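Hi everyone, thanks for coming.

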Amino acid sequence: MSSMLLISCLMAEPERNAEDRTEKSLKSPDEPPSSSSLTTKELQQNWRAVKKRERPVRLLFEIPSTRVIEHVLSKYVVYEIVVMRSGSFDSHRVSVERRYRDFFRFHHKLLEEFNEELEEVVLPRKLLTGNFSPDVISERRLALQDYMAKLYDARCVRHSPHFPKFFTEQEQTRAHGLLRAGQFRLAVEQLQTVLEVQEKLLPWQNPTLIVPTLSALAICYRDLEEPEQAFSAAQRALPPTRRYGLKHYRASLLNLLVDLGYQLGRPVAQLQEELIVLRDAERGEVSSYSLKELVVHEFT
């Protein structure tokens with residue numbers, strides 16, 4: 001009896017070995033070992049590799065150039081500020097120009113709210129003479145670049161609404177002036193710069209930051225008779241209005257999307273239904289303004 005049992009075990013063993021070999025051969029050569037088969041040292045090495053691949057995104061600021069601008073009664077230096085994002089491939093550099101007085105006003109607004117947090121962040125001092133010397137301009141350019149990096153390191157600053165305003169308020173004001181004057185193509189150029197800066201700042205700001213800019217772009221493209229671009233901009237602006245309760249923008253964007261959808265032959269039944277539900281649920285609270293009226297009012 002025992003000899004028969006031994007023979008059956010010996011016969012079963014090759015079958016199990018064959019199954020094991022088949023199972024191993026089915027595994028992809030690129031498949032990483034399961035965590036249960038890894039030693040502590042290997043787990044630590046894998047974790048370090050993952051962290052290295054997923055480096056945190058940071059904002060980087062560079063001031064590569066300056067210009068001296070002369071008017072009849074004034075002369076001043078403007079600094080080109082390039083905004084980039086690290087941690088991921090950011091091939092598109094967007095830049096704005098600011099005077100020293102813009103930095104000065106920005107700094108003092110921040111001090112009103114974050115005086116203690118910014119004790120060690122010093123704005124380069126104002127000079128009364130020699131402002132236009134090439135050496136002075138170069139020295140100040142590097143000092144302002146270092147200042148921007150230190151400001152970004154302060155969490156309270158990069159999450160403050162003052163931060164995006166510094167980079168976009170002048171361009172937004174110009175864009176809305178051009179929009180009101182009917183110069184939509186020039187307005188689009190300014191608004192695109194604003195949007196590109198805002199998109200780089202979004203990880204540290206409220207996601208609704210881009211809604212007014214996208215809405216303004218939608219209006220400009222519509223009035224330029226470019227309905228595809230108008231529809232695309234309005235479509236991008238709509239999700240944050242849903243998620244964060246911007247009812248006035250949401251209703252106006254839905255109205256515009258329905259109009260543009262008919263023009264482009266797009267399905268609009270769901271958009272119409274959403275608009276009806278919104279108005280029924282928020283009767284008297286949803287703005288009756290058109291999107292253009294809202295956009296113009298934003299910077300009036």
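This is a predicted model: local features need pLDDT of at least 70, side-chain atom pairs count only at pLDDT 80 or more; totals for chains, interfaces and linings use all residues.

**Charged side chains**

Let's begin with Arg67, which counts as partly exposed at 42% relative accessibility. By that I mean it falls between buried, under 20% relative accessible area, and exposed, over 50%, using a 1.4 Å probe and protein chains only. Residues are numbered from 1 along each chain as its sequence is written, and side-chain values use heavy atoms, leaving out hydrogens and water.

So which residue does Arg67 meet in a salt bridge? That's Glu97, with N to O at 2.6 Å. For us, a salt bridge is a side-chain nitrogen of Lys or Arg within 4 Å of a carboxyl oxygen of Asp or Glu. Glu97 sits in strand β3 and Arg67 in strand β1, so this pair ties together parts 30 residues apart in sequence. Strands here are DSSP runs of E, at least two residues, and helices are runs of H or I, at least four residues, numbered from the N terminus. Glu97 is partly exposed too, at 32% relative accessible area.

Strand β1 (residues 59–70) comes up again with a second pair. Glu62 and Arg93 meet in a salt bridge at 3.3 Å, N to O. Glu62 is in β1, while Arg93 is in the loop between β2 (75–85) and β3 (94–99), 31 residues apart. Glu62 is partly exposed at 27%, and so is Arg93 at 43%.

Now over to the helices. Glu228 forms a salt bridge with Arg266, their closest N and O atoms being 2.6 Å apart. Glu228 belongs to helix α9 (residues 227–243), and Arg266 to the loop between α10 (247–264) and α11 (269–281), 38 residues away. Both are partly exposed: Glu228 at 43%, Arg266 at 30%.

There's also a network: Arg98, Glu171 and Arg174 are joined by salt bridges that share partners. How many salt bridges does the structure hold? The count is 13.

Last stop, Glu120, in the loop between α3 (100–114) and α4 (134–153). Glu120 is exposed, with a relative accessible area of 74%. Together with Glu116, Glu117 and Glu119, Glu120 makes up a patch of negative charge on the surface. Charged patches like this one join like charges within 9 Å, from residues with over 30% relative accessible area and no salt bridge.

How values were computed. Patches are made of residues with over 30% relative accessible area and no salt bridge: like charges are joined within 9 Å, nonpolar side chains (Val, Leu, Ile, Met, Phe, Trp, Tyr) within 5 Å. Accessible areas come from the Shrake-Rupley method with a 1.4 Å probe; for residues, only the protein chains shown count as cover. Lys and Arg count as positive and Asp and Glu as negative; His and the chain ends are not counted. The place of a charge is taken as NZ of Lys, CZ of Arg, CG of Asp or CD of Glu.
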